[in-house]
Amino acid sequence: MKKLALLFVSAIVLMSFAIPGDGDKIPSATVKKLDGSKINTNTFSNDGKPIIISFWATWCKPCKKELDAIAENYSDWQKETGVKLIAISIDDARSSTKVAPDVKTKGWEYEVYLDENQDFKRAMNVNNVPHTFLVDGNGNIVWSHNSYAEGDEEILYENVKKVVKGEKLSH
Amino acid sequence: MKNKNFPALLKRSIFLSITGICIANPFFAQLNNAVQNVHGNFQIDMQNCENDTATGTPEVNEQFRYNAFGNVNYTSGDFSMGFRYESYNPVMLGFLSDYSNRSGIPYRYARYRHNDIDVTVGNFYEQFGSGLTLRSYEDRGLLYDNAIDGFRAIYYPKKGVTFKGLVGRQRVFWGLSDGVIKGFDGEINFMELFDTLNTVKTKVILGGSFVSKFQDDKNPSLVLPKNVGCYGGRLNVLNESFNFFAEYAYKINDPSYQNQYSFKDGQALYITSSYAQKGFSVLLSGKYIDNMSYRSDRDKQSTVAFINFLPALSKPHTYMMMAYYPYASQPNGEVGGSADIQYKIKKGTLLGGKYGIDLSLNASVFNGTDTTRINPAEDIERQRKYSVDPFSFGTKYFHDINLEIGKKFSKQVKGTFMYANQYINQSVVQFNTPDKTEHPDVYSNIFVADVTWRYKTGSAIRSETQLFLGNYKKGDEGHLTEAEKIAGNTGSWITQAFEWTPTSKWFFVLMDQFNYSNPLDYKKLHYYYAGITHVSGPTRIMLSYGRQRQGIFCAGGVCRIVPAFTGFQLSISSSF
C-alpha cells in the first residue's frame, strides 16, 4: 500500500514535469570573463542575432585550427549576419592562465570565457572538444557539431545564414 | 488489497499525497511555466585485446572490455536534476581495476539556482581558487572522478561577491571516502562591488578559502590528527593586457601514507603573471610545494581521494612523442616554473611572408625541495621526519624547452614544426623510487613536422612526422649487468601518420610508430595503427585496429603505466 501511495505521488510529480518545453535554451552555469568577473551563461545574448558557442582548450590543436579558420572571415560573418562567437575555454588551472595570452597573440575578436572546472561543459553535455553549438536569435540551441575537419567552418557559416533566414537545419 | 487496515492506510496515503501536492504545488506551478528539457550525453569505448607477445601485452582473461557512461539531465527553469550511469565489465586495460566488473549510478544530483542563490544536493564538482585547497573534478578519459556527495550552497549577496559552502564525502571508485570534507570559500571583485570603481581599468579580486577534513583515527601505533585544516588566500590583479595571480595555501600536520606519516605542516605557493598585446605575449609561472598531498583518506594512494589539486605547469603537449615522458606535480615537494613567449611575425614582412608566422617558445624546469632528514629521536614532540630549506633546490626532476612554429604556405598548405629538448628523472617523478635500474633518467630531443594540404574545399590530407631521440642514463652504471643497463631503455622512435579527410564527416588515419633503435633487436618493432572516424553533428563513431605502445598517463599529481595493447577498438559518443 505504501508503495502504491508512493507510485501515486510520483505519477503526479512526473505528470507535472512531462510538459514539453518550447526549445533548448542555454543552460545556467557560472563562467569567468577574461577580466575576472563572473557571468551566468543563461544571460548570453546577441540582440536577436545568432550566437556560435565554441568549446575549446589551449592544448587542443583542432580547436585552435577551427577558431583560426573562423577568425579569417569573422568580420565578414559579423557584417553579413550579425553573428557573434563565444569561445568557452575548458582549460583548468594548469593552463587557464595561457588563455588570455593565446587569444591576444592570435588576435581573436571573440568573446572568451573560462570554464575552469567544466560546469558549463557538463551543462551543455559536451564529451570532447572542439564542440560547436549554434544558437538562433530567440536563444534556442538549434545545431551542434563535435570535432573539426578542414572546411567545417564553411558548413557552420552556411548554417548561420540559414538560421538568419529562419530555415530549418539538418546535421 | 487483502490488508485489513486498507481503509486507514488509504486514508493516510491520500492525505499524505494531497498534503504533498499542496505543499509542492506552488513550486511545480512555477516550474510548469518554465522551459523544460531532458538532455544528456554518452560514450562507450570498447576494446578486444589480442595476445601480442612481441609488444608484451598483459595476458587477460577477458578479451572484450569496455568503459561506458551516460548522463541524463532534466532542467526546468531554475531547477535541474540528473544522474550518470557508468559501466565497466571489465574495465579497459590501463585503468584502475577497482572500477571493474561493476555498473551503477555513482553520480546524481538536484540543483536549484535562482538569482543570488545556488543550492545542490547529491553529487557536485567544485573548485576553490586554482584548486590548492580544494578541487573536485572529473576526467572521464582518465577515469578520474573525486565528486563530492553531500550538500553545497553558493550565495551571491552582491555583484562581485561570492560565498561558497559545502560538506560531503568524495567518490572513491564505487563507494565514498572514509573522511568527511567541509569547505568554505569567499571571493570579492572590488571593481564590481563598488560602483565608483566600475570605470577603473585595473581589476582587483581577493579570495580566501578554508577546508577541513575529519577522519577517525584507527591507527594502533600512532596518535593521528582526526581533523586536518587547510586554508588559502589568493589575489588577482589584472587589466586589458596584464594579469597577476598568486595563491598561497597552508595545511596543518597531516600524516599520511604519501608523506610516510610525517607530522610536518605543508605549504604551497603558486604565482603566475602575464603580459599580452596583439601579436605578442609573455607568461611566467612559478610554484613551490612542500608536503601538500591532501586527501580525504590518509591511507589512500594513486589518484584516489585527493581533496586539492596541484597544477603541473609544464606544457600539456598535443603531439604523442612530446608527451612520452610527461611530468606530474609532486605533492611531497617541488620547486619550479615555466615561461611562455608567443610572437606573431606579421604578414607582409620579409620573414612573415604572405600569411605571417606564429612562434611559441616554452620552457619549464622543476626540482625537488632541498630537504634534510631529522632523526625521529631528536624530534619526538613534533615527528616531522624532515626539514626543508625553501630558498634552495633539491634534485632535478624535469625540464622541457620547446619551440613551435606555425606557418601557412599558401591557401592550401599549412604546417606546424616543433622541436623539444626534455629531461626527466622518471624514477622519482613517475615511480616514487630513487632506484634508477628499471627507470633510468631520460634525455631526449624531439622533432615534429605536421603539414596539412587542403586539396579542395572540405577535403584535406595531413601528414605528421615525429622523431624521438632518446638517451637513457642510470647514473653510475659501473656495477650494472648488461641486462640491467637496457632495462627501461627503449632507445629512439620515429612515427609517421597520414590522415585523410575526404569530407568533414569522415577521417581515415594510418600510423606507424617504429622503435628503430631499441637496444634489444627483437624489440625493434613497428606499432602500426589504422582508424576510421565518422562524425555527424554531435555523434562520433571511431573504429580502429593496431598496436599501442606502453605509455604513461598522469592525473592529479600521480602517474600510472598504461600497458601495451593490440587489437580492435570501437568508440561511440553522442549528446542529445
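Let me start with two helices of chain A, H2 and H5, where H2(A) passes H5(A) in a right-handed crossing. Please keep in mind throughout that this is a predicted model.

Two packed helices are described by the angle between their axes and the distance between the axes. For this pair, helix H2, which covers residues 61-81 of chain A, and helix H5, which covers residues 152-165 of chain A, have axes that come within 11 Å and cross at roughly 15°. Angles under 35 degrees count as roughly parallel, and H2(A) and H5(A) are therefore roughly parallel to each other.

Which residues make this contact on either side? From H2(A) come Ala69(A), Ile70(A), Asp76(A), Trp77(A), Glu80(A) and Thr81(A), and in H5(A) they meet Glu153(A), Leu156(A), Tyr157(A), Val160(A), Lys161(A) and Val164(A). Sorted by class, the contact of H2(A) with H5(A) has seven nonpolar residues, four charged ones and one polar one.

Let me step back to chain A as a whole, whose secondary structure comes to five helices and seven strands. If you read along the sequence, the pattern that chain A follows is α-β-β-β-α-β-α-β-α-β-β-α. Chain A has 171 residues, of which 58% are buried. Considering contacts in chain A between residues at least 6 apart in sequence, 70% of them join residues at least 24 apart.

Now to the cysteines, where the count comes to one disulfide over all chains. That disulfide joins Cys60(A) to Cys63(A), with a distance of 2.0 Å from S to S, and the link is right-handed, with 80° about the S-S bond. Are these two cysteines buried or exposed? Both Cys60(A) and Cys63(A) are buried. In chain B, Cys49(B) counts as buried because its relative accessibility is 4%, and Cys230(B) is buried too, with a relative accessible area of 0%.

What follows H3(A) is Gly107(A), whose phi is positive, near 75°.

Next, the cis peptide bonds, beginning with the one from Val129(A) to Pro130(A), where omega is near 0°. Pro130(A) sits in the loop between helix H4 (119-123) and strand S6 (131-135) of chain A. In chain B, the peptide bond from Asn89(B) to Pro90(B) is cis, with omega near -15°, and Pro90(B) lies in the loop between S3 and strand S4 (102-114) of that chain.

Staying with the loops of chain B, Gly77(B) has its place between strand S2 (64-76) and strand S3 (79-88), and with a relative accessible area of 45% this glycine is partly exposed. How far apart are Gly77(B) and Asp118(B), in sequence and in space? They are separated by 41 residues in sequence and by 13 Å in space, C-alpha to C-alpha.

Finally, let me turn to positive phi values in residues other than glycine. Leu143(B) has a phi near 55°, and this leucine is found in the loop between strand S8 (138-139) and strand S9 (144-145) of chain B. Phi of Ser302(B) is likewise positive, near 55°, and Ser302(B) belongs to the loop between strand S18 (280-290) and strand S19 (333-345) of chain B. As for accessibility, Leu143(B) is buried, with a relative accessible area of 7%, whereas Ser302(B) counts as partly exposed, at 26% relative accessibility.

How values were computed
Residues numbered from 1 in each chain as written. Chains lettered and ligands numbered in written order. Predicted model: local features only at pLDDT ≥ 70, side-chain atom pairs only at ≥ 80, totals over all residues. Heavy atoms only, no water. Axes fitted to C-alpha atoms, helices over the stretch in contact; angles between N-to-C directions. Helix = DSSP H or I, 4+ residues; strand = E, 2+ residues; numbered from the N terminus. Parallel < 35°, antiparallel > 145°, perpendicular 65-115°, else oblique. Left-handed = near helix turned anticlockwise from the far one by under 90°. Contact = heavy atoms within 4.5 Å. Nonpolar A, V, L, I, M, F, W, Y, C, P; charged D, E, K, R; others polar. Disulfide = S-S within 2.5 Å. Buried < 20%, exposed > 50% of the residue type's maximum accessible area, 1.4 Å probe, protein only.
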